[in-house]
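Welcome, and please have the viewer ready.

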Amino acid sequence: MRIDGKGLVDRSAPVRFTFDGVAYEGFRGDTVASALLANGVRVVGRSFKYHRPRGVLTAGSEEPNALVEVIEVGQQTPNVRATVQEIFPGLEVKSQNRWPSLKYDVMAVNDMLSPFLSAGFYYKTFMWPRKFWERVYEPIIRRAAGLGSLSGRHDEADYEKAFAFCDLLVIGAGPAGLMAAVQGARAGVDVILADENPVMGGRLLADGGEIDGRPASVWVAEVLAELEAAPNVRLMVRTSVTGAYDGGTFSALERVGLHVAARANLPRECFWRIVAGQTVLAAGALERSIAFADNDRPGVMMASSLRAYVNRYGVSPGKRVTIFANNDDARLSARALMAAGVDVAAIVDTRADASTLEDCPVYAGAEVVGTKGRHGLSAITVRHRGGEMQIETDCLGVSGGWNPLVHLTCHMNGRPVWDADLAAFVPVAGAVPGLHAAGACAGVFSTQGCLADGARVAVLALGVLGRAVRAVDAPVAEDAPYAVLPLWEVKGKGRAWLDFANDVTTKDVRLAAQENFASVEHMKRYTTQGMAPDQGKNSNVGALAVLADATGRSIAQTGTTTYRAPFSPVSIAAMGAGGRGAGFAPQRFMTSHGASVDRRAPMVEAGLWYRPSYFPKGAETTWREACDREVVMVREAVGVCDVSTLGKIDIQGADAARFLDLVYTNVFSTLPVGRVRYGLMLRADGHVLDDGTTARLGENHYLMTTTTAAAGLVMRHLDFVQQAYCGDWDVRFVSVTENWAQFAVAGPRARALLASLVSVDLPFMGCSRVEFGGVGARVFRISFSGEEGYEIAVPSRYGEALFRDLVARAETLGGGPYGMEALNVLRIEKGFITHAEIDGRTTAFDIGLAGMISARKDCIGKAAAGRSGLTGAARLQMVGLRPVMQAAITAGAHLFTPGDEVRRENDQGYVTSVGYSPMMEGYLGLAFLRDGRARIGEMVRLVDHLRDIDVLCEVCDPVFHDKEGVKLRG
Amino acid sequence: MGNLIAKRPLGVDPVGHGDLVLAEVDLGRVTSVAPFAGADVARVLKPLVFPAPGVVSSKGDARLVWTGRGQAFLFGAVPEGLGAVAALSDQSDGWAGLSLTGTGAVDVLARLVPLDLRALVPGQCARTTLGHMPLILIAVFGGFEVLVFRSMARSAWHEVEQALRMWGARAQC
């Protein structure tokens, strides 16, 4: 019901939206909740477990009941709080957890079965038969319980992530927050003021009192005008600060585009990381409920929300309202309603000594013991000194007192302390370094108190920032003392709800205690209290008070559960903004990328790089056909492959040679200028780190290459070694991976191809600077294929041109490009290792390269590599494998001695790489086999349990092709 | 053989919103300069000075940008006479340059760069990250130069462009 002349919504801007397909009208500034209440809609959802009809409970982000689905093109957002979602033209909202309709819900039968569905019922009921849990019981329970549903499609919308920095972060823009922000603004520091609401002002707008004799909203507008005009202040509305982290870092979720119809490029939400010098937490307090029989009917609301709906939205949630409270504060709601012309039938005050001076009947020392009304409240039963009576009412405002929002102060393991006077938990100072609680969240409950506290705490924070300032004078406002008589539960017959969102009653908490889940953490998990989207904001303190009563302990002794981030729900899409699909990781493209794609090569990921898998040709339909052709092409003619992804490190300085001798197992100081050497690098623990070739370009100038996979790792290793062990050596290095495009040209006709380009005569493992039409290039005679091979490097800008040129020349010689698949087969045939073999667990001894650890010098990892257990017959050693019969073998398979039972204890090793060799017309494998080198010529049984493969193989030397290296040396 | 055709890392046209412009820039010649132990680099570098961490030394078109421990990148100049006192490595083709200048440059970069950009003013630079990419960030008058690995240029462009588009859409909201 709308109230004329009240509220801050824009009456000149009507907005039409739909709820469950029915069109409603509200005004700009309305939430879905306020607009539905204005239209007299009382039932907005069904409860989690019992499917009871539920209505709006609160007017804020803590709402546990009014959770709805927002439907947009391509989007279906579940569990949206109707109290948070602003309406906009065309907004489509649906109720959830009901079938076939909100009014007639089949699963409401659960409510009848409630005696059998108490906390933990499924742990006890569905024990047998055991198999039924996963296949039968759980799916049924999951379907019956739960809240919203997902679209089942990917979320294709835009989300944003951002960083912000400030000197003073103020969280919450109520009276305390606004004063703190003003204090910071005038001190000249960079201020961020964040508030979860679309309009700043907090309870000043909801309570509607006076400041300095004028409406509080006027004062709020003046303060906001000052803050908006200040260049050092950033106002962040619709921004909920959700977590406190180390170093003054806070997470926050901003609703950027959720209050307007979707439009191109406008993000839905932004996930902020805000780093603040100091922080004032002015999060306020939340009103808590009292548990009494059937307190969950639509129409039963929080008392403070009633005045929020009147003052902010000009809506009365009922026609004949009653109030049930244990404190003075709730009377503000009764007065606000009466002032707006709404009938207040009664105030039921639990305190025997409460004042009865109001313009409506007041029952002191009375309690609400029951409610009536099938789809909404129609009457309450009140027990007072004279007995019981019924009061007809369609809206009951409940207040059990206020809980300071201590959440953020507890995010770094702090625990709040119990304040008996306030009957509430209050934060402990210093629980989060640099964060200071002010106002209601620190237990200061009067408006005047909050205004003054905001200024006081801001002065404190500014002092830490080195700005000594005087507190600005707080304006004059209401300063009534907070009078509360704790009451958590009205005992009696019937179910009394604590956690509305998860359908947890006082009975469930008592049952938990009875079954010895008496710790508050155990009770929470047994009953699921506090585990719904509101994370127990509305019910935690009430539930632990009931638990304290059931276990005979005090509330302070019972304690709270752990407060964890996020304070309010954060969508995964916002946290992962930009990370969907290809956004997951940067993509690295070689200069030849376009040329490879032009040839229809499927590009595969190799780390962050994209490399061609193979180059399909003619009628080829499978990768194997292309791969086999490319292998034969390299072996018999010439192939071209982009190898730019290999790490390249430019190493210079008088101690460069000495440095390489330290990091490599073999000697590089003796390498002549213009020559290249293969090197092996160990970790400090003696296992192989990486391998690659290093060229000596000048007396004090080397160029190291690393594997693609370990390029970053090796760079880090070199940095560490230099800084930790030889900081005074004159050696400098920098990655030049990106600066050079490098192409392998391999095969018997590689020399002919090179000769058509440039006149250079290189010995095996030689290197030289050359020029291609004025472009400085480098040629290395190295090979990873076992054929005569060259690698040609040019500055990256010329990479694509050179690749296209090389491929064209290769094709005239009967060759062409080859991809990763062929490259892999070629190196397996040659017994060359990759990180499939040097996976971090293998030693130089294991891969048959123990001889490369020079006896003449020390190196990183040499001592550790000599430890007992890292060499000898017990080690798994690298060997080659060939299946005895024509059969496929697989990497990842395990090896067994023929005749042994195939079980873990008899495991003899495993296969690391396999490939089909068209040259040898069969599969080849590289494997690690116990005492493998001594078993060459023997048989092993290869078993792959995952792929159901069981093949007898011959153990071979790992070099299958050109053992003497005749082709390589040409 | 004929002349090889040189390609820019991206080859894209500028995009923008209002006076905020994202463009690919030609970095020209880039040389990594790492002074050798005990070398009198100051004399050779004059009028430039070897920069302290986070600092850019410049004179005319020549800029020496700090890029790491004992390392700076020389832009806009030929490293003449430096070879004797410092390890020089050509980086002209290793990095892609983007420039982001105009109103809102800080706000757009704040979507991707985890640094307090309030503190980064012309004459300063930083080694940091752009999303998950290694970044050399140089503050220039009215904005920033964003240097990323050449192979990652497309990802970088895409991310900055996306951030710019979303920022632009916010401004209209």
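In β43(A), A:A793 is the residue opposite A:R778. The strands here (E, at least two residues) and the helices (H or I, at least four residues) are DSSP runs, numbered from the N terminus. Strands β42(A) and β43 (residues 789–795) are antiparallel and joined by three bridges; two strands pair if DSSP finds at least two bridges between them. On β41 (residues 767–772) of chain A, the pairing with β42(A) is also antiparallel, over six bridges, and A:V770 faces A:A777 of β42(A).

How many of the six residues of β42 (residues 775–780) of chain A are buried? Five of them are, leaving this strand mostly covered. Buried means under 20% relative accessible area, exposed means over 50%, and partly exposed lies in between (1.4 Å probe, protein chains only).

## What kind of model this is

This is a predicted model, in which local features need pLDDT of at least 70 and side-chain atom pairs count only at pLDDT 80 or more, while totals for chains, interfaces and linings use all residues. Residues are numbered from 1 along each chain as its sequence is written, chains are lettered from A and ligands numbered from 1 in the order in which they are written, and side-chain values use heavy atoms, with hydrogens and water left out.

The predictor assigns the complex an ipTM of 0.98 and a pTM of 0.94. For chain B the mean pLDDT (the predictor's confidence in each residue, from 0 to 100) is 96, and 99% of the residues reach 70 or more.

## Chain A as a whole

Chain A contains 24 helices and 50 strands. Its C-alpha trace spans about 110 × 70 × 55 Å along the principal axes, and 59% of its 970 residues count as buried. Among contacts (heavy atoms within 4.5 Å) in chain A with a separation of 6 or more, 67% are between residues 24 or more positions apart.

## An open sheet

Five strands of chain A make an open sheet in the order β2-β1-β7-β5-β6, with mixed pairing. Strands β2 (22–28) and β6 (75–81) of chain A are at the edges with a single partner strand each, so one side of each has no neighbour in the sheet. From one strand to the next the twist averages 35°; axes are lines fitted to C-alpha atoms, for helices over the stretch in contact, and angles run from 0 to 180 degrees between N-to-C directions.

Within this sheet, β5 (residues 67–72) and β7 (residues 92–95) of chain A run antiparallel and share four bridges. A:E69 has A:K94 of β7(A) as its bridge partner.

## A barrel and the helix across it

Another six strands of chain A close into an antiparallel barrel, ordered β45-β48-β47-β46-β49-β50. Here the twist from one strand to the next averages 45°. Strands β49 (residues 939–944) and β50 (residues 949–956) of chain A are antiparallel and joined by six bridges, with A:L942 bridged to A:V951 of β50(A).

Helix α22(A) lies across β47 (909–917) and β48 (922–930) of chain A, at about 115° to β47(A). Nine of the eleven residues of α22 (residues 820–830) of chain A are buried, including A:M820, A:L823 and A:I828. Just after α22(A) comes A:G831, with a positive phi of about 75°.

## Annotated spans

UniProt, in an unreviewed entry, places "domain: Aminomethyltransferase C-terminal" at residues 892–962 of chain A. UniProt positions are given in the numbering used here, feature names are shortened, and annotations may be inferred rather than shown by experiment. That span, 892–962 of chain A, is 0% helix and 49% strand, with its end C-alpha atoms 27 Å apart.

The UniProt annotation "domain: SoxA A3", also from an unreviewed entry, covers residues 493–578 of chain A. Residues 493–578 of chain A are 43% helix and 6% strand, and the end C-alpha atoms lie 53 Å apart.

## A buried serine

Is A:S240 buried or exposed? A:S240 is buried, at a relative accessible area of 9%, and belongs to strand β13 (residues 239–245) of chain A. Its side chain makes a polar contact of 2.8 Å with the side chain of A:S568. A polar contact is a pair of N or O atoms within 3.5 Å; within protein, one must be able to donate a hydrogen and the other to accept it, and residues adjacent in sequence count only if both atoms are side-chain atoms.
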